[in-house]
Amino acid sequence: MAAREGIIDLLVIGGGTAGIIGARTAAGLGARTVLVERARTGGDCLWTGCVPSKTILAAAAYAQIEQRLTNRPPDFAAVRQQVFGAIAAIEPGDSPAALERAGVEVLPGSARFVAPGTADIDGVRAAFRQALITAGAEPALPHIPGLDMAHVVTSETVWDLEEIPARLVIIGGGPVACELGQAFARLGSQVSVLARSQMLPKEDRDAAALIRRSLENDGVRFRENARIDRVSVQAGVSRIHLVDGTHVEADVVLLAAGRTARTLGLGLAAVGVDCDASGSVLVDAKMRTTNPAIWAAGDVTANPRFAHLAGVHASVAASNAVLGLGRRVSGTVPRVTYTSPELAAVGITAAEDGRHTISTIHHTHLDRAITEGRTDGLTRLILDRRGRIVGGTIVGPRAGESLAELTLAVQNGLSTRDIAGTTHAYPTYSDGVWNAAIADARSRLRSPVLAVVTKVLSRIRRARLDRKQGRRSGR
């Protein structure tokens, strides 16, 4: 068997967001970097995740407005064209050519570890000093009797639909289910969401309720705590039978029930790389696996599966691998559900009695929201005993942008006084963060101890002013 010439400084397996950023980082540091991708660079984010999902959300919003004005049904073919156009516009930046220009050698094919420091790349042995696993994840396929007979799509294959489904049933209650559910409802589908537990179970319940209300206004039907018994198919119609004896009919079933790490066939056992019970690669805070020469980042790990997190983690992993650094990843992870309105959150989102307090501004009292008639939102800060911001949730238009300030505050241990003392532009949606901070800062000034201190200082100040005034009068 032939061997690839020369030793590779960093072998990157997978060309998604994590792989691209990890490879670019390593190459930029002067390392000989080889990236192996079995399909196409760009990964889920470009082809089936972030880019197409946000595009269809935008297209669906415009289509809904146009339908109200013209009474014409949405043009699904035009929506698909818009989705593919966005992918085509962004793809060159993630292409093999762009990576090659950045100093990365890109190899099409599959790679697997065969021994410490050795990988097999489509039958060719390659020696490496360090490796970075960025193989990503794929939609989880729950075992449901009869599901294989239905017309099933996932977040990866839903983009192949050429016609809008008359009835779409989504299995799952997380961000993917909510985003695609709202988009397809606005485009004309009758959408039902079957959530195993709660809808958006990781989010603040008041915030989740606002999102649910918005989706229901668009026609989405929710069934929480839905236990599926089986699926039957007759004349092309799928019937999803629930344990409670009810059923829901669908022309298309969309699976949005989580994702599974792509580790099968990587040969991890041959190099001592351990995975957890779900199959995700185990890493420490430096993104190192149980093999000190192998690192991992992105959806292949057990960390939250966000493109922005994958990129940051891959950069840390690559710089640690190439330079021998000990950089650690931050535990502050922002997340956004891109429905209308958006739900954005970071850090702790539920107060623990005795440890945290809450400061909430409902957008019925937010001037920008009032001017735009979008008062169906809130800004909520979670604060520790010293007034430091440890987390929060924002619901509203472009909440993801407003979240940036909140994320910075959590990351750097800023207090509500720090935010309140910073001038903000008016009127903006980010006023919600400012006003919530001001409300908390003022409430702390009303505490018994501070109230006494304030009164004492005020009396001292008045006495000094009176003495100065008396001296002026005596001249």
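**From the loop into the core**

Modeller: Start at Thr 48, which sits in the loop between helix 2 (43-47) and helix 3. Keep in mind that this is a predicted model. Thr 48 has a relative accessible area of 13%. The cut-off for buried is under 20%, so Thr 48 counts as buried. What does Thr 48 touch, not counting residues up to four places away in sequence? The partners are Arg 40, Ser 155, Glu 156 and Trp 159.

Now move on to helix 3, residues 50-70. Its partner here is helix 4, residues 76-90. The two axes come within 9 Å and cross at roughly 140°. Helix 3 is therefore oblique to helix 4. The crossing of helix 3 past helix 4 is right-handed. On the helix 3 side, the contact uses Val 51, Pro 52, Thr 55, Ile 56 and Ala 59. Helix 4 answers with Val 79, Gln 82, Val 83, Ala 86, Ile 87 and Ile 90. By class, the residues of this contact are nine nonpolar, two polar and no charged.

Nonpolar side chains tend to be buried together in soluble globular proteins. The largest nonpolar core of this model has 43 residues. Ile 56 is one of those with the most contacts inside this core, along with Val 158, Ile 170, Phe 184 and Val 191. Helix 3 and helix 4 are among the elements that give two or more residues to the core. Others on that list include strand 9 (167-171), helix 6 (175-186), strand 10 (190-194) and helix 7 (205-217). Strand 15 (252-255) and strand 19 (342-347) are on the list too.

Leave aside its neighbours within four places in sequence, and Val 191 is in contact with Leu 168, Ile 170, Gly 181, Phe 184, Ala 185, Gly 219, Val 220 and Arg 221. Another core, of 24 residues, lies apart from the largest one. Its members include Ala 119, Leu 268, Val 281 and Val 300.

Methods:
Residues are numbered from 1 along each chain as its sequence is written. This is a predicted model: local features need pLDDT of at least 70, side-chain atom pairs count only at pLDDT 80 or more; totals for chains, interfaces and linings use all residues. Side-chain values use heavy atoms; hydrogens and water are left out. Axes are lines fitted to C-alpha atoms, for helices over the stretch in contact, and angles run from 0 to 180 degrees between N-to-C directions. Helices (H or I, at least four residues) and strands (E, at least two) are DSSP runs, numbered from the N terminus. Angles under 35 degrees count as roughly parallel, over 145 as roughly antiparallel, 65 to 115 as roughly perpendicular and the rest as oblique. A crossing is left-handed if the near helix is turned anticlockwise from the far one by less than a right angle, and right-handed if clockwise. Contact means heavy atoms within 4.5 Å. Ala, Val, Leu, Ile, Met, Phe, Trp, Tyr, Cys and Pro count as nonpolar, Asp, Glu, Lys and Arg as charged, and the others, Gly among them, as polar. A nonpolar core is a set of buried Ala, Val, Leu, Ile, Met, Phe, Trp, Tyr and Cys residues joined through side-chain atoms within 4.5 Å. Buried means under 20% relative accessible area, exposed over 50%, partly exposed in between (1.4 Å probe, protein chains only).
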